[in-house]
Amino acid sequence: MHYSRLAVPLVAVLALSAMALPHSNIPRADNHTLNRDRADAVKAAFVHAWNGYKQYAFPHDELHPVSNGFSDSRNGWGASAVDAFSTACVMQLPDIVNTILDYIPTIDFDHTADGVSLFETTIRYMGGMLSGYDFLKGPLSNLAQNATAVDDLLKQATRLANNLAYAFDTPSGVPSNNLIFPSGTDGSTNNGIATIGTLVLEWTHLSDLTGNQTYAELSQKGESYLLAPQPASSEPWPGLVGTNVNLTTGQFEDAVGGWVGGDDSFYEYLLKMYVYDSTRFSTYKNRWMLAADSSIVHLASHPSTRPDITFLAIYNGQERIFYSQHLACFDGGSFILGGLVLKEQKYIDFGIALVNGCHDTYASTATGIGPEVFRWVENSTAANDTNNPPPPADQQVFYKKSGFYITASDYVLRPEYLESVYYAYRATGDQMYRDWAWDAFVAINTTCAVGSGYAELKDVNVHGGGGYSDFMDSFFFAEVLKYAYLIHAPATDPMQDNSWQVENNGVNQWVFNTEAHPFKVHGPPI
């Protein structure tokens with residue numbers, strides 16, 4: 001079946017593609033007109049996706065752009081609207097901002113027929129509301145037409161936190177992730193480090209805004225077991241820990257991990273808590289540095305056919321497994337941010353190497369978009385190593401050229417590559433990274449655009465993407481389009497960059513949660 005593709009924004013994108021400068025090793029000068037045109041094209045794509053969602057899905061959670069249907073995978077509270085909120089703010093789209101602002105006070109966070117993920121609900125809903133509150137009480141207050149509704153953002157975030165708080169009522173204080181409102185769980189006896197360790201920023205920020213320290217105390221209690229992991233065998237190398245933690249004892253149950261899904265944002269938040277308040281969270285920073293240093297020494301890996309590329313392996317104890325995911329492409333950005341705030345060039349340099357590796361996963365495919373899961377081997381990998389199999393016969397040529405082979409070829413509108421390219425640009429000012437972000441946006445805009453929005457692709461290594469999965473996740477609004485916009489975005493004041501940009505005037509006045517919702521930092525900007 002043929003699906004109609006995006007019309008109006010695509011015209012602008014194609015025109016701008018013709019304007020793009022050819023890639024070379026010669027640094028190019030900044031081009032303010034080109035940057036503004038590109039930012040406007042990303043904004044047009046956001047408006048198109050929003051209009052499709054608004055017409056066919058709002059206030060449900062997600063748009064099905066192929067069929068013009070909808071779904072409620074996030075409890076039917078309007079996930080796409082709340083996730084789009086902070087992006088509409090930074091794009092300064094007052095009509096969309098006020099539509100969402102008027103909607104959020106009407107959400108009934110007390111009731112849902114479906115299970116509730118503590119992690120997803122925190123990063124999307126609580127994160128979106130707190131970010132909107134920071135913007136509309138601060139530098140973008142001019143966008144809001146209803147001051148009462150702005151106050152309601154904090155009230156709704158508090159209401160939601162109160163409904164979620166029983167998750168922490170376990171023998172150890174390590175929270176349950178899978179909740180059944182109003183007071184039940186799915187009976188799980190453990191939780192993972194990402195879903196435990198990616199609450200502390202949002203819940204601490206809520207405490208700082210409300211003055212009620214309960215929320216910070218709950219999340220930091222759960223985090224405390226990750227900062228002092230037990231048993232010792234769960235920490236194969238300093239700072240690098242296992243994945244699953246027992247809810248009763250607070251002890252780790254394994255020593256399997258990495259910078260991939262299930263572990264990723266735990267490491268991300270160790271650093272970001274220090275950015276949020278360096279006066280309170282130096283222990284978190286120290287743990288991030290341990291993990292970063294161990295990763296450079298033990299996990300950095302170079303594919304046998306492309307020794308110029310750097311990926312991070314995962315591990316089972318001290319056994320390395322050469323496996324990675326699109327999700328893990330955030331890692332370059334984390335290292336770069338660490339280098340910026342800690343004034344450590346080695347982290348920036350290593351982060352750039354990781355960004356370059358993820359760029360290769362995009363540049364190598366037929367669509368120009370990276371796959372969901374990929375693998376590689378090293379020169380020293382034994383032929384009989386069952387944990388690190390060689391590329392299959394039908395990918396030998398691809399592997400020789402690209403340095404990785406694909407084991408899951410779908411693309412579910414993920415943002416991590418664009419996220420790290422954004423950090424690379426903010427750290428270096430190198431226009432090449434703007435071009436890389438633009439290339440990725442053009443690939444997404446031309447390949448994923450279908451019907452009333454953007455859909456997931458089945459195979460990134462087939463021209464045209466191999467067909468669609470009829471789903472547009474809320475993080476496409478929150479993350480993909482935000483990072484694609486911010487890397488090109490013109491400053492409101494031509495003499496000064498926007499304060500929410502990373503490394504603005506040499507410091508970070510805002511910090512992005514893992515859903516790319518910016519929070520105003522509480523401590524001195526670093």
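I looked up tyrosine 267 and, leaving aside its neighbours within four places in sequence, found it in contact (heavy atoms within 4.5 Å) with Ile193, Gly239, Leu240, Val241, Gly258, Trp259, Trp288, Ala291 and Tyr315. This is a predicted model, in which local features need pLDDT of at least 70 and side-chain atom pairs count only at pLDDT 80 or more, while totals for chains, interfaces and linings use all residues. Residues are numbered from 1 along each chain as its sequence is written, and side-chain values use heavy atoms, with hydrogens and water left out.

Of its 155 residues, Tyr267 and Tyr411 touch the most other members. Helix H5 (residues 118-137) gives the most to this core, ten residues. Helices are DSSP runs of H or I with at least four residues, strands runs of E with at least two, numbered from the N terminus.

I then turned to an open sheet of three strands, ordered E13-E14-E15 with antiparallel pairing. Two strands pair if DSSP finds at least two bridges between them. Strands E13 (323-325) and E15 (405-408) stand at the edges with a single partner strand each, so one side of each has no neighbour in the sheet.

Last, I noted the backbone. The peptide bond from phenylalanine 58 to proline 59 is cis, with omega near 5 degrees. Leucine 413 has a positive phi of about 65 degrees, although it is not a glycine. Leucine 413 is buried, at 0% relative accessible area.

Notes:
Core = buried A, V, L, I, M, F, W, Y, C linked by side-chain atoms within 4.5 Å. Buried < 20%, exposed > 50% of the residue type's maximum accessible area, 1.4 Å probe, protein only.
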